[in-house]
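These are my notebook entries on one model. I record what I looked up, entry by entry.

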Amino acid sequence: MQELKQPSKKPLIFYYVVIVLVIMLLNATLFPMMWETPVQEVDYTTFMSMTYDDNIGLVQIDTDEIIFTDKAQENFYKTVPIPSDMDLVNRVYEHGGQLSSIDTGGQTNSLLYILLSWILPFLPFLVIGYFLNKRMKNAMGGGDGMMFGMGGNSGAKVYVPSSTGIRFADVAGEDEAKELLGEIVDFLHDPEKYRSIGAKLPKGALLVGPPGTGKTLLAKAVAGEANVPFFSIAGSEFVEMFVGRGAAKVRDLFKQANEKAPCIVFIDEIDTIGKKRDGQFSGNDEREQTLNQLLTEMDGFDGSKGVVVLAATNRPDSLDPALLRPGRFDRRIPVELPDLQGRIDILKVHAKKIRLAEDVDFEPIAKTAAGASGAELANIVNEAALRAVRAGRQYATQEDLQESVEVVIAGYQKKSRVLSDEEKKIVAYHETGHALVAAMQTHSAPVQKITIIPRTSGALGYTLQVDDGDHFLMSKDELLNKIATYTGGRAAEELVFHSVTTGASNDIEQATKLARSMISRFGMSDEFGFVAFETVSNQYLGGDASLACSPETQALMDKKVTQLVEEQHQKALNILKENEGKLHELAGYLYQHETITGQEFMDILERKALPEQK
Ligand code: ADP
Ligand code: MG
Ligand code: ZN
């Protein structure tokens with residue numbers, strides 16, 4: 001606070017000087033006109049007749065004007081002198097006039113004059129200054145938030161249960177999370193049940209998971225279930241321009257919460273303020289102070305009072321360890337991407353909001369949408385409804401849903417982009433190559449569907465993978481097969497066209513990434529063995545890997561990665577060579593129909609003789 005005040009003092013004096021100068025200038029020019037006594041202009045006859053009527057007071061005679069007053073010296077008059085009137089002075093004197101100088105400017109009561117001309121102009125500045133000062137003080141954390149409003153400056157919105165209207169029933173899947181949160185809700189309803197055993201309520205629970213999995217939604221559902229006040233604030237709202245402001249907000253938030261206990265405080269995207277204090281960038285004092293305040297507040301409040309702090313983040317590994325220790329956020333609730341059943345349930349929850357055909361089966365949709373988050377599934381249902389409207393139907397059908405999965409995954413069908421015949425052929429062979437290599441390795445339907453209709457995402461064709469149950473472990477062989485499948489597209493191009501295209505760039509990226517992970521993280525190479533050279537941060541947000549090894553190791557590793565991918569590439573080439581007939585047959589079908597389902601694919605692959613097939 002000290003540091004902030006010092007520099008602002010000098011400029012302040014400077015401003016005062018400027019203000020005084022401005023007022024002086026006004027006093028010299030504008031104000032005299034305002035203060036000047038009104039002087040009435042009359043003709044000479046009036047002047048003479050007033051003199052004869054003895055109604056004359058002060059008289060000032062100049063060469064170009066005569067200024068005079070009436071007897072009571074209340075009204076001021078002015079007239080033009082007549083040079084030939086030689087008797088003027090005597091006449092004025094005889095009729096009781098007083099020859100003197102008249103100051104029409106300074107007639108006013110001098111005290112009032114000073115008051116009005118000097119103090120009044122200051123007032124607006126004083127008022128502005130007063131408020132600015134208050135603001136600054138508040139901003140510097142000096143104020144406890146009692147300066148503006150009734151102590152409610154933390155920006156936390158108080159959710160009353162009815163206003164969110166979201167219940168646990170609106171959150172599909174995520175049963176573990178709901179169970180853990182349900183306990184907190186139960187505690188708030190009936191604390192005695194827990195207290196009698198001596199169980200303490202967890203002070204805080206941290207919801208972690210990838211974006212769009214329903215963390216915010218879960219917190220809102222807790223608010224809807226628990227009949228207690230619910231304070232919701234986003235982490236970013238604490239980050240302010242002024243140092244100390246965020247800390248003041250935290251303090252204020254917890255003050256409010258303590259008054260309203262039992263209640264729930266929800267801090268969304270807490271990583272904004274909860275980042276590790278690494279000391280590297282001492283620049284962001286503000287965030288650090290805010291975090292410190294949060295830590296202090298979380299220690300400070302009495303858990304038995306029933307203030308529960310919920311927070312959500314998708315970057316748990318960036319959070320400060322102090323925040324995660326027991327006694328603060330001692331419960332960590334994973335909110336993961338939904339599995340097949342979860343996806344079906346989420347689709348059902350959102351499908352209630354739209355009108356659907358009766359015979360809709362959600363399972364194939366959920367299967368196609370492998371890896372989709374809750375937010376994406378909600379989007380899929382909405383897309384289906386929009387598509388139905390576009391087609392002028394009263395309700396959405398199975399087909400609408402199926403198509404909107406593809407829209408959400410790969411973008412809209414591009415009507416305008418027409419592939420040249422040659423390109424279309426290449427894409428057909430490329431996609432068939434992937435699918436065929438995959439099919440020959442696993443001997444099962446590798447895909448649900450392949451299409452070669454260009455999409456707005458830029459994909460010229462794509463393959464919908466089959467979600468064969470939920471995988472948690474992958475063996476080395478499975479990974480190798482996967483790499484072979486990635487190279488299958490390019491291999492088919494080479495085999496058939498004896499040239500390569502840019503179409504495989506994404507495949508190459510994926511294959512390389514996988515091969516590198518196998519060597520540097522999964523310990524799946526003979527040379528390096530059980531050693532990790534790579535660490536992954538941000539697992540929920542794409543996962544950036546950082547390498548930590550000697551340059552020699554790195555060079556060797558690059559060689560090994562290249563080798564590994566190349567081996568699989570050769571394997572894919574061999575598979576395609578052995579099944580070249582099928583490759584032509586399948587690619588031909590795809591080229592003709594632009595779409596092939598997994599079933600059709602397997603039918604063609606498994607039928608033996610091909611009579612009259614060109
Ligand atoms: P985040 O985890 O990023 O906070 P949100 O909670 O904001 O995600 O979820 C965004 C939207 O996705 C929700 O408003 C909801 O419509 C949908 N959604 C996500 N997960 C679920 C779920 N488990 N059940 C139902 N809807 C969900
Ligand atoms: Mg969120
Ligand atoms: Zn490809």
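Entry 1. I looked up Y77 and found a relative accessibility of 11%, which counts as buried (under 20% relative accessible area; exposed is over 50%, partly exposed lies in between, with a 1.4 Å probe and protein chains only). The model is predicted, so local features need pLDDT of at least 70 and side-chain atom pairs count only at pLDDT 80 or more, while totals for chains, interfaces and linings use all residues; side-chain values use heavy atoms, with hydrogens and water left out. Residues are numbered from 1 along each chain as its sequence is written, chains are lettered from A, and ligands are numbered from 1 in the order in which they are written.

I then searched the whole structure for aromatic pairs and noted 7. Rings of Phe, Tyr and Trp (its six-membered ring) pair if their centres lie within 6.5 Å; planes under 30 degrees apart count as stacked, over 60 as edge-to-face and the rest as tilted. F68 is buried at 0% relative accessibility. Together with Y44 and F47, the residues F68 and Y77 form one aromatic cluster.

For F528 and F533 the centres are also listed at 5.3 Å, but the planes stand at 80 degrees, so this pair is edge-to-face. F528 is buried at 14% relative accessibility, and F533 is buried at 13%.

Entry 2. I next followed Y44 and F47 into helix α2 (residues 44-52), where the buried residues are Y44, F47, M50 and T51. Helices (H or I, at least four residues) and strands (E, at least two) are DSSP runs, numbered from the N terminus. Viewed down the axis of α2, the buried residues fall within an arc of 130 degrees, so they line one face of the helix; the arc is that of the directions from the helix axis to the C-beta atoms. An α-helix has 3.6 residues a turn, so residues three or four places apart point the same way. The cover over the buried residues of α2 includes β2, β3 (66-69), β4 (76-79) and α3 (88-94). Just after α2, I noted a positive phi of about 60 degrees at D54.

Which order do the strands of the open sheet take? The 5 strands run β1-β4-β3-β2-β5, with mixed pairing; two strands pair if DSSP finds at least two bridges between them. β1 (39-41) and β5 (98-99) are the edge strands, each pairing on one side only. β2 (residues 58-61) pairs with β5 in the parallel sense over 2 bridges, and V59 stands opposite L99 in β5.

**Entry 3. Strand β7.** I checked the burial of β7 (residues 204-208): 5 of its 5 residues are buried, so the strand is largely enclosed by the rest of the structure. Both faces are covered, with G204, L206 and V208 buried on one side and A205 and L207 on the other. β7 pairs in the parallel sense with β10 (residues 307-313) over 5 bridges, where V208 stands opposite T313. β7 also pairs in the parallel sense with β11 (residues 331-334) over 4 bridges, where A205 stands opposite R331.

**Entry 4. Residue I270.** I located I270 in the loop between β9 (263-268) and α11 (271-274). I270 is buried, with a relative accessible area of 0%. Leaving aside neighbours within four places in sequence, its contacts (heavy atoms within 4.5 Å) include L206, A311, T313 and F329.

Entry 5. H434 in helix α18 and D507 in helix α20 (residues 505-520) are 73 residues apart, and the pair links distant parts of the chain. H434 is buried at 10% relative accessible area, and D507 is buried at 12%.

**Entry 6. Helix α23.** Lastly I looked up α23 (residues 598-606), in which G598, F601, M602, I604 and L605 are buried. Down the axis of α23 the buried residues fall within an arc of 165 degrees, so they line one face of the helix. Their cover includes α18 (421-442), β12 (447-451), α22 (580-593) and β16 (595-597).
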